[in-house]
Structure formats: structure tokens, C-alpha cells
Amino acid sequence: MNEHTPLLPPSADAETRRAAVYLVMSQIPYGKVVSYGQLAAMAGLGRAARWVGRLMSQLPDGTSLPWHRVIAAGGRLSLPAGSPAGHEQRMRLRAEGLSIVNDRVDMRRHGWHSTEHSG
């Protein structure tokens, strides 16, 4: 975890936690990806990767958030290739110039670390 990311207090309600995740997700640059766990840590939620995954499964249709840039640990795409959402995620990532090999994205090449982007 980035030492500059404060943890939200344990008393933070679900709406505050959700807003923190959405804020960080909205900042993931074009052509970059983060894992669920990295997104949780950047949002100040510590190791809440599964909670972030559940939250993402509840995003409204037509959201403008770049949900397709959030993937599983190790660069693995967790949405099934044959599903509509999985197809859309792969299509969007390829359109941003990412190559997908064996349902994985190269995190060394395409992973985003918030310090790169925030001046």
C-alpha cells in the first residue's frame, strides 16, 4: 500500500467507502489497469479487494466509470470471456492498446500506481 494513502476510519459508512472507491476508479488513466486489491488500498480501504469486487458487480448499467480497468490480482481478467461484460471489458482494454494474453494483462507494463499520475 502507498504510504501516502490514509485508511478510512473503521466507522466510515458504506456510502463513504463507495464514494472513495468511485473517486479513485475515476482517476485510472486510459491504457492503465489496477487490481481490486490495489483499488481498495488506494481508496483507503486496506485489504478490501472482495468488497470492491462486490461493489463493482453492482455498478449501474451505462456508468461512465472505467470499470473495465479494474482486474484481478496478477493481471488476470476475472470476467468470463464468453459473458457480455467479459467481452466488453476485453474489447475496451484492447481499444486502449492493452494486449491480453491467456486472459491476463501485463501489470508491469500496464499497471497504474497512483503516484505516477498525481503530481
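In this predicted model, Glu88 has a relative accessible area of 29% and is therefore partly exposed, and Arg92, at 27%, also counts as partly exposed. The side chains of Arg92 and Glu88 meet in a salt bridge, with N and O 2.8 Å apart; because these residues stand 4 places apart in helix H4, about one helical turn separates them.

Another salt bridge joins Asp103 to Arg90, at 3.1 Å from N to O. Asp103 belongs to the loop between E3 and strand E4 (104-105), whereas Arg90 belongs to helix H4, so this pair ties together parts that are 13 residues apart in sequence. Asp103 is partly exposed at 34% relative accessibility, while Arg90, at 6%, is buried.

Glu96 and Arg69 also form a salt bridge, their closest N and O atoms lying 2.8 Å apart. Since Glu96 is in the loop between helix H4 (84-95) and strand E3 (100-101), and Arg69 is in the loop between H3 and E2, the pair links parts 27 residues apart in sequence.

Turning to helix H3 (residues 49-57), we find that Val52, Leu55 and Met56 are buried. They span an arc of only 95 degrees around the axis, which means that they lie on the same side of H3. The face turned away from that buried side carries the exposed residues Arg50 and Ser57, and the cover over the buried residues includes helix H1 (14-26), helix H2 (36-42) and strand E2 (70-71).

Note on methods: Residues are numbered from 1 along each chain as its sequence is written. This is a predicted model: local features need pLDDT of at least 70, side-chain atom pairs count only at pLDDT 80 or more; totals for chains, interfaces and linings use all residues. Side-chain values use heavy atoms; hydrogens and water are left out. Buried means under 20% relative accessible area, exposed over 50%, partly exposed in between (1.4 Å probe, protein chains only). Helices (H or I, at least four residues) and strands (E, at least two) are DSSP runs, numbered from the N terminus. The arc is that of the directions from the helix axis to the C-beta atoms. Contact means heavy atoms within 4.5 Å. A salt bridge is a side-chain nitrogen of Lys or Arg within 4 Å of a carboxyl oxygen of Asp or Glu.
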